[in-house]
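Welcome! Have a look at the structure first, then read on.

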Amino acid sequence: MFGNKSKSLLEYEIRHALPGRVRVGCESLRYLSEHASAIERELVEAHGVEHAKVSVTTANVLIRYRDAFLTTDDVRDIAERVIGEYTLVALKNQRAQAHKPTVMERRLQEEPISEMANRVSVTSATLLFSWFRRHVTKPPRGFAGRLMSMPALTAMYLSRPIVQSGVESLKTNRRPNADTLSATAILSSLLAGRDISALTIIWLADLAELLTAYTMDRTRRAIRDMLNVGDEFAWLLQEDGTERRVALAEVAEDDTVVVHTGEKICADGVVEAGQAVVDQSSVTGEFMPVTRSDGQEVFAGTVVKSGTLQVRAHRVGDDTAVARIVHGVFDHVHD
C-alpha cells in the first residue's frame with residue numbers, strides 16, 4: 001500500500017486558508033479511508049477545533065476552528081499529529097499483513113473475454129453432443145476407456161489452467177485455493193468415470209468467470225465514462241487576456257484555463273478569477289452543486305453549471321484526481 005513512499009506521504013501543506021477555516025493536505029490520507037471517521041473525531045476533540053472532514057479522494061482534511069484560540073499553524077500541527085498517528089498504525093497493519101500467508105488465486109482476466117467465451121462455447125457444445133448421444137454410445141469399458149471418451153478428453157484439455165493454478169497454490173503457499181478444490185472435483189469425476197460431471201464443473205467455473213469478467217469490464221467502462229473529462233479542447237488564457245482554443249493534451253501545469261457554463265474543468269487547480277456553480281458529484285460525491293470563486297480548489301471532470309472560472313492548473317493529465325480514481329479502479333481489478 002505505502003511501499004517506499006512513506007517520506008513523501010507524510011509531507012503536510014496548507015492548501016487553502018480562511019479565517020476559522022483551513023484545508024490541510026497530506027498524501028497519506030489517500031490510504032486511510034478506514035480511519036477517516038476516527039481521524040475526524042480525534043481532530044474535533046482538539047481544543048478549539050469545531051469541525052473536521054476528511055477527503056480521501058483529494059488527500060486533504062477541511063478543519064473549521066475558533067480563530068480566537070488557534071492559528072493556522074496550530075491547526076496544521078494538530079492535523080500533522082493526528083494523521084501521523086494513524087499513518088503509523090496503517091503501516092504496522094500493512095507489515096503484519098505482509099507476513100501472513102495468502103492464498104494464490106487465478107486472476108480473472110489473465111485471458112481476454114473472447115477466449116473465455118470460446119471455452120464456454122466448446123464446453124457447452126460438448127455437453128450437448130454428449131447428452132444427445134447418451135442413448136447411442138455405449139459406456140466405455142475399463143479405466144483407459146473412461147479417459148478416452150470425448151467428454152473426458154475435452155475436460156482434461158480445458159481443465160489445464162484450473163489444475164495448474166491449484167497445484168501452484170499448493171507448491172508456493174502450501175495452501176489450497178478455489179482452483180485446487182475444483183481440480184480435485186474434476187479429477188475425481190474423471191477417475192470415477194463420470195466425465196459429464198467433470199465437464200459440467202468446468203462449464204460452471206468458466207461461465208462464472210466469464211460473467212464476472214464481463215461485469216467488471218462493463219463497470220470499469222461505466223466509471224471511466226462517468227469520470228472522463230470528456231472535452232477534447234480547452235480555452236487557454238493568453239497574456240494579453242484573450243482566450244485561445246487548444247487541444248486538451250497541450251494544457252500544462254501553471255497554465256490558466258477558462259471554463260464556461262456547461263463545460264467540464266480539464267485540470268485540478270485553484271480558481272484565480274470568476275465565480276461559478278460547479279457540480280462535483282463525480283469526484284467528491286457531493287449531491288448538491290457548490291459555488292467556487294477566487295482561491296478555491298476545483299477538480300478535473302467536474303462540470304460548471306453556471307458562470308465562468310479562470311483556473312490555474314496544478315495537476316493535469318494522469319496526475320488529476322479523476323485520473324487517479326480511474327487508474328485505481330483498473331489497478332484494483334488486476335490485483
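Two rings of Phe, Tyr or Trp count as a pair if their centres lie within 6.5 Å. In this predicted model, a search of the whole structure finds zero aromatic pairs.

**A charge over a ring**
- R245 places its charged end over the ring of F233, at 4.1 Å from the ring centre.

**Helices α7 and α8**
- Helix α7 covers residues 160–172 and helix α8 covers residues 178–191; their axes come within 7 Å and cross at roughly 125°.
- That angle makes α7 oblique to α8.
- The crossing of α7 past α8 is left-handed.
- On the α7 side, the contact is made by I162, V163, S165, G166, S169 and L170, while α8 brings D179, T180, S182, A183 and I186.
- Sorted by class, this contact of α7 with α8 holds five nonpolar, five polar and one charged residues.

**Helices α4 and α6**
- Helix α4 (residues 113–132) and helix α6 (residues 150–158) have axes that come within 10 Å and cross at roughly 165°.
- Angles over 145 degrees count as roughly antiparallel, so α4 is roughly antiparallel to α6.
- α4 also passes α6 in a left-handed crossing.
- From α4, the residues R119, V122, T123, T126, F129 and S130 meet M150, P151, T154 and L158 of α6.
- The contact of α4 with α6 divides into five nonpolar, four polar and one charged residues.

How values were computed. Residues numbered from 1 in each chain as written. Predicted model: local features only at pLDDT ≥ 70, side-chain atom pairs only at ≥ 80, totals over all residues. Heavy atoms only, no water. Axes fitted to C-alpha atoms, helices over the stretch in contact; angles between N-to-C directions. Helix = DSSP H or I, 4+ residues; strand = E, 2+ residues; numbered from the N terminus. Parallel < 35°, antiparallel > 145°, perpendicular 65-115°, else oblique. Left-handed = near helix turned anticlockwise from the far one by under 90°. Contact = heavy atoms within 4.5 Å. Nonpolar A, V, L, I, M, F, W, Y, C, P; charged D, E, K, R; others polar. Phe/Tyr/Trp six-rings, centres within 6.5 Å; stacked < 30°, edge-to-face > 60°. Lys NZ or Arg CZ within 6 Å of the ring centre and 35° of its normal.
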